[in-house]
2 protein chains.
Amino acid sequence: MRDQLRAPKPLSLTAIDPRDTLGLAKDEAVLERSRRRLAELHQLLWAENARAVLVVLQGIDTSGKDGTIRHVMTGLNPQGCTVTPFRPPSEHEADHDFLWRAHAAVPGKGEIGIFNRSHYEDLVVPRLAGTLDDGAFDRRARQINDFERLLVESGTAVLKVFLHISKEEQRERLQERLDDPTKNWKFSPGDLEVRRRWDEYWRAFERAIDRTNTDAAPWLIVPADRKWARNLAVSRVLEETLEGMGMAWPPPRFDPRAYKVE
Amino acid sequence: MRDQLRAPKPLSLTAIDPRDTLGLAKDEAVLERSRRRLAELHQLLWAENARAVLVVLQGIDTSGKDGTIRHVMTGLNPQGCTVTPFRPPSEHEADHDFLWRAHAAVPGKGEIGIFNRSHYEDLVVPRLAGTLDDGAFDRRARQINDFERLLVESGTAVLKVFLHISKEEQRERLQERLDDPTKNWKFSPGDLEVRRRWDEYWRAFERAIDRTNTDAAPWLIVPADRKWARNLAVSRVLEETLEGMGMAWPPPRFDPRAYKVE
């Protein structure tokens, strides 16, 4: 699944179908099995206490970042699973380099960390605001690559997921947030402004992904119009990543036969 | 369930049976229903974005703090659920007052925070080390009460749970950690030293609970020899707490009819 989803170079988002179901079958039991396997692997990661996994979730409003976390990660033990939402930086955060708050939030040994939005906002938001020219953009991208390589070399698997929805699907989801009183809280009038600049947003993200799609920390494009396929794909990819780490129960640091509990 | 579990004043742990099943039936489906209900209530808490819940989990080694988190909280959305383990303080933490790191870790609006061990270690550990006399102990307890009252007055429900196991049950669980290679990693030879001082540990905790068992932030004693009863009791108590908050979907801060998604 990881190979299947790997972003091509160069990336053209229009060439990838957001409705693609990746050959997966719609079956809640399959997702449930995957979640259970993730919970087992997470327990091993925690026991081993040596390595970590960072999942970076990006995508436009309504692309399903929160929903993916709720449906895929909910089976994980909250002890050893941290979710960090990246909102517009506070004054204190803005007083530091743009990777400062990202670095502070990376998962520790044994943990799975999820970035809900991430340091990639610092490429795309100023780009749309017109304050990041090509040179400055590419320099930040290189700084991101250096930062992510540090993480990988220190034992953290980095998985970057772009949730890819169509403009029509976004229209339906935003309208639902207006029409359904239990979803009003998710709506912000500002979302419509971002929607109006859809093409610019895609171009900015294509450039961001092209510049940071490294073998150490690859970008995956997950078609996300179908929520069930999106959930299954992300769950599988996380499973593959953890399976690929070849974990085992850690040997005791003492001789178990030397002790008896009185 | 909350009333049933409320610690009596004064507390005598020997008077409470760790094998009590609280009239509950052993039925995995009941726990699963409770977990699902917790997930719904958590989503409401998150949407409301106004209040928080702090669960303080205490208990001697092997009493089941990690297991309770894994079995009860795993259904919660990891976004909006934080678990903070309290290990022996780092040098940097020890350079501050004992509530400094606890305060930094309290849940934000919309969140459920779990303390796996807590600021109560700072009553019990120095007490067993002989460095906290009655006066100093009671002053810290008063400082804890003041701190927890601040949280409650600021919209955070505080739920303090003592997991209550018998000495025989602990013997079995520690022995299993020695005998089962997949559990060796949970064992530390230091656990046996704490076990040898079982009675002192109980006395220290009885005093801690007596001094901090306030109506604002009550202590609950959960019989924990039977893991299934423990899980169900903690899940129910958390459910009751959230239900009691009388939450509703927040009204929109805008007129939904004023917008149409193009």
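**View 1. Chain A as a whole.** Chain A holds 11 helices and five strands; helices (H or I, at least four residues) and strands (E, at least two) are DSSP runs, numbered from the N terminus. This is a predicted model, in which local features need pLDDT of at least 70 and side-chain atom pairs count only at pLDDT 80 or more, while totals for chains, interfaces and linings use all residues. Residues are numbered from 1 along each chain as its sequence is written, chains are lettered from A and ligands numbered from 1 in the order in which they are written, and side-chain values use heavy atoms, leaving out hydrogens and water. Along the principal axes, the C-alpha atoms of chain A fill a box of roughly 70 × 45 × 35 Å. Of the 262 residues in chain A, 54% are buried (buried means under 20% relative accessible area, exposed over 50%, partly exposed in between, with a 1.4 Å probe and protein chains only).

**View 2. The open sheet of chain B.** Here five strands line up in the order 2-3-1-4-5, with parallel pairing; two strands pair if DSSP finds at least two bridges between them. At the edges sit strand 2 (81–85) and strand 5 (219–223) of chain B, each pairing on one side only. Look next at strand 1 (residues 52–58) and strand 4 (residues 156–164) of chain B, which are joined in the parallel sense by seven bridges. Within strand 4 of chain B, B:Lys160 is the bridge partner of B:Val56.

View 3. A salt bridge is a side-chain nitrogen of Lys or Arg within 4 Å of a carboxyl oxygen of Asp or Glu.

View 4. A:Glu193 and A:Arg196 form a salt bridge, with their closest N and O atoms 3.5 Å apart. Both residues lie in helix 9 (residues 190–196) of chain A, three residues apart, about one turn of the helix. A:Glu193 is partly exposed, at a relative accessible area of 39%, and A:Arg196 is exposed, at 63%.

**View 5. A salt-bridge network in chain A.** Finally, find A:Arg127, A:Asp134, A:Asp138, A:Arg207 and A:Arg211, which salt bridges link into a network. Over all chains, the count comes to 47 salt bridges.
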